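User: Before we look at the side chains, could you walk me through this model one topic at a time?

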Amino acid sequence: MVPVPAFVSIFPAPPRAPRLHAGGGGNSVNREEFRKSLVAEGVDDILAARAVEAADKAVSIWEMQVIDFCRPPEVATMTRVLGRVADLSITCDGGFPQAERQRVFFSRALDYAVDEEDAGKERGGYLAAISVEGNFIFDRATHRDFLGALLGTGIAREKVGDILLQGERGAHVVVAPDVAEYVMLSLAAVRSVPVKNKPIALADLGVRPPVTKEMQSVEASMRLDAVASAGMGMSRSKLKDMIEGGDVLVNWKEITSANAQLKGGDIVTIRGKGRLEVNEVETTSKGKFRVKMTKFV
């Protein structure tokens with residue numbers, strides 16, 4: 001069998017461990033050990049089992065394997081844990097560079113460089129884009145409205161990638177190709193608005209360029225409410241209410257404690273407000289914290 005070229009991973013390569021064999025030797029991954037490691041770090045048991053099986057097959061039979069759309073923390077955890085498997089290359093794709101929900105691809109790692117453009121085209125075969133069009137001038141639909149309508153057709157959440165709102169015109173949706181035709185035939189309305197659906201190229205997705213602002217603040221502590229309120233330009237009391245209400249996520253995990261401690265590299269998401277990335281943290285001569293941040297709106 002001709003080996004399938006591995007993709008160049010977009011994640012930093014973690015330290016590699018010797019390949020672990022399942023029972024009787026061979027090239028397979030120790031599935032149970034890796035599954036338990038993924039579950040221990042918050043990955044759903046079923047998803048963990050699918051990821052480990054895909055990694056095992058990719059290494060053992062030299063064929064690329066792909067699993068459905070995953071959330072950012074799941075992608076990061078799988079990359080870190082399964083990245084220890086020798087000869088395994090992991091990459092992900094959600095249809096456009098800023099995509100949050102992405103499909104994860106497992107391949108046999110090779111010792112020679114591969115063309116990332118060709119690899120990207122092959123990954124694109126596992127993604128489909130749909131334009132959901134309607135007249136939303138008087139009845140603006142939210143991300144939650146579109147997602148609810150999509151899931152109302154009977155498809156599973158993991159078959160749906162990012163949903164890109166297009167204002168009064170509707171939305172663009174990334175889905176797994178095996179459900180694309182079904183969605184276009186089944187999705188008749190979003191809220192009270194009738195919609196028409198058509199396939200579009202991934203290159204035609206209406207992706208809004210990210211708007212960022214660099215800033216820094218000096219804080220007495222690295223508490224979530226202190227740092228995030230400074231970065232987002234909100235009052236500390238209002239942000240605390242949002243934290244306690246479940247509207248604030250750190251590294252895509254819901255945090256309900258205002259005194260949770262942040263560190264460099266953390267990403268804070270505030271529903272309906274935007275996202276904040278903590279870039280660098282320095283300690284001043286007075287023992288305070290100079291925090292450099294990037295705000296995404």
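**Ring contacts and a sheet**

Analyst: Phe-146 has a relative accessibility of 3% and counts as buried (under 20% relative accessible area, with exposed meaning over 50% and partly exposed in between, for a 1.4 Å probe and protein chains only). The model is predicted, so local features need a pLDDT of at least 70 and side-chain atom pairs count only at 80 or more, while totals for chains, interfaces and linings use all residues. Residues are numbered from 1 along each chain as its sequence is written, and side-chain values use heavy atoms, with hydrogens and water left out.

User: Fine. How many aromatic pairs does the structure hold?

Analyst: There are 2 aromatic pairs in the structure (Phe, Tyr or six-membered Trp rings with centres within 6.5 Å, counted as stacked under 30 degrees between planes, edge-to-face over 60 and tilted for the rest). One of them joins Phe-105 to Tyr-126 in an edge-to-face arrangement, at 5.7 Å centre to centre and with 75° between the planes.

User: What parts does the pair of Phe-105 and Tyr-126 tie together?

Analyst: Phe-105 belongs to strand E3 (residues 102–108), whereas Tyr-126 sits in the loop that runs from helix H4 (116–124) to strand E4 (128–133), so the contact ties together parts that are 21 residues apart in sequence. Helices (H or I, at least four residues) and strands (E, at least two) are DSSP runs numbered from the N terminus.

User: What about Phe-136 and Phe-146?

Analyst: Phe-136 and Phe-146 make a tilted pair, with 5.4 Å between the centres and 50° between the planes. Phe-136 is in the loop between E4 and helix H5 (143–151), and Phe-146 is in helix H5 itself, so this pair ties together parts that are 10 residues apart in sequence. Phe-136 has a relative accessibility of 0% and is buried, and Phe-146, as I said, is buried at 3%.

User: Changing topic: which ring does Arg-275 lie over?

Analyst: Arg-275 lies over the face of Phe-296, at 4.8 Å from the ring centre; a charge sits over a ring if NZ of Lys or CZ of Arg is within 6 Å of the ring centre and within 35 degrees of the ring normal. Arg-103 is likewise placed over the face of Phe-69, and there the distance from the ring centre is 6.0 Å.

User: Back to Arg-275, then: what is its bridge partner in E15?

Analyst: The bridge partner of Arg-275 in E15 is Phe-296, the residue whose ring face Arg-275 lies over.

User: How many bridges join E14 to E15?

Analyst: Strand E14 (residues 274–283) and strand E15 (residues 289–296) run antiparallel and are joined by 8 bridges, where two strands pair if DSSP finds at least two bridges between them.

User: In what order do the strands of that open sheet come?

Analyst: The open sheet is formed by 6 strands, ordered E10-E15-E14-E13-E11-E12, and their pairing is antiparallel.

User: Which are the edge strands?

Analyst: Strand E10 (212–219) and strand E12 (253–254) are the edge strands, and each of them pairs on one side only.
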